[in-house]
Amino acid sequence: MIVEPLRSDRPIPIVVRPSSKSEATLSSLLGYIKGNKKFIEDTRLKNGAILFRDFDIENASDFEQVAHLIHPNLNDGYLGVTARTNRTKYVFTCKYLFSTTEVTNIAPIGQHTEMAYMTNRPNRIFFCCLKEPKHGGETPITDMRQVVLDADKHDPNLLKQFKAHGLTYYRNYSTPGTKVKDIAEVRSWPDIYKTTDKTEVEKVCAKDDIECIWHGDALSLVSKFPAIRKHPETGDEVWSNAVPVFYPRMRTYEFRKMIQTIGTWWYYLMYLLWIVIESLRRLFIPDTQCGLYVTYGNGVPIRTEELFKIEDIIWDNMVTFKWKKGDVIYIDNDRVSHGRLPYFGQRQIVCALGMPDVKSST
Ligand SMILES: [Fe+2]
């Protein structure tokens, strides 16, 4: 096998690929993983993400075998904000936010660590490309340990409020069966919890340290978590949260960064369309009533200019690569974030969530 960084100027991802055609089979990859578990874990710990490329991964079941071998404790359920359906017991579609209409594909999804707004969150995440998108649809990743180091270097006070107060996340769900107010609300609460029994919902949420606030049959889920967490193995501080996904004004800024740094012509068209959608949204729905919203942990609104500075640092550290069919990426969710760039045309990326063996304490 050939093992080398994708880019010489970034630690992530390390790429593992076959050195010959005979090494490209699924069984060869599984054999490699079996024989190199320590190397894979050491590399994950040192670098943060490993991309297995050019192997014969044809479907969700192949992918599940790879993910399961690397991290046996995969999650077979999903209680997060996005629309996902099971493809196998442990493999989900990864439609992310805004998946239900064509409009959805035009929205960038900012860098986040998976399910940072709940206690029982994955410590690893795997993605696999079953159909490579022709136009956009990359899944950029960012070393969030480096983001904290760079932010502190840039301005020692930049992360001060986040370190002191953490974050409060709000997820607002309309009364089931009524028209949703905001496109960030892609699932109804009975769809997430597979019940209409409010007491049952409260019990499940309590396990994740999420408070349920009922407004008749509408529901707000409120949870308070750190913005910066210590990596459980290295102790390094990591910008580990879902602020760019929950902060409504961030999506417009994401577009600006995309145009500045990547600048594909159709981003401009999508941006124009997005400006119309976002202007209408702001006209009718205040930020605080969006499907997703976030404040500092003490309830004070986040200072937008502070957030944009951090976002600049994230973009400086981001690694973007074109998906190739059969790609499997193994990500340390305690250190490396992911997002999604807009796309049009077909795209099929699936994911698996690796859970820690014990309940996370951060
Ligand atoms: Fe995600």
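Analyst: **The contact between the domains**

Taken over C-alpha atoms, the centres of domain 1 and domain 2 are separated by 23 Å. The model is predicted, so local features need pLDDT of at least 70 and side-chain atom pairs count only at pLDDT 80 or more, while totals for chains, interfaces and linings use all residues. Residues are numbered from 1 along each chain as its sequence is written.

Domain 1 consists of residues 2–142 together with 312–354, and domain 2 of 146–248 together with 283–309 (bounds from an automatic or database domain assignment). Where they touch, domain 1 contributes 27 residues and domain 2 contributes 30 (contact: C-beta atoms, placed from the backbone, within 7 Å). On the side of domain 1, β5 (109–112) and α11 are the elements that give two or more residues (DSSP runs numbered from the N terminus: helices H or I, at least four residues; strands E, at least two). That side of domain 1 divides into 13 nonpolar, 11 polar and three charged residues (nonpolar: Ala, Val, Leu, Ile, Met, Phe, Trp, Tyr, Cys, Pro; charged: Asp, Glu, Lys, Arg; polar: the others, Gly among them).

Helix α11 (residues 304–317) also meets helix α9 (residues 250–261), their axes coming within 11 Å and crossing at roughly 40° (lines fitted to C-alpha atoms over the stretch in contact, with angles from 0 to 180 degrees between N-to-C directions).

Conventions:
Two residues are in contact if their C-beta atoms, placed from the backbone, lie within 7 Å.
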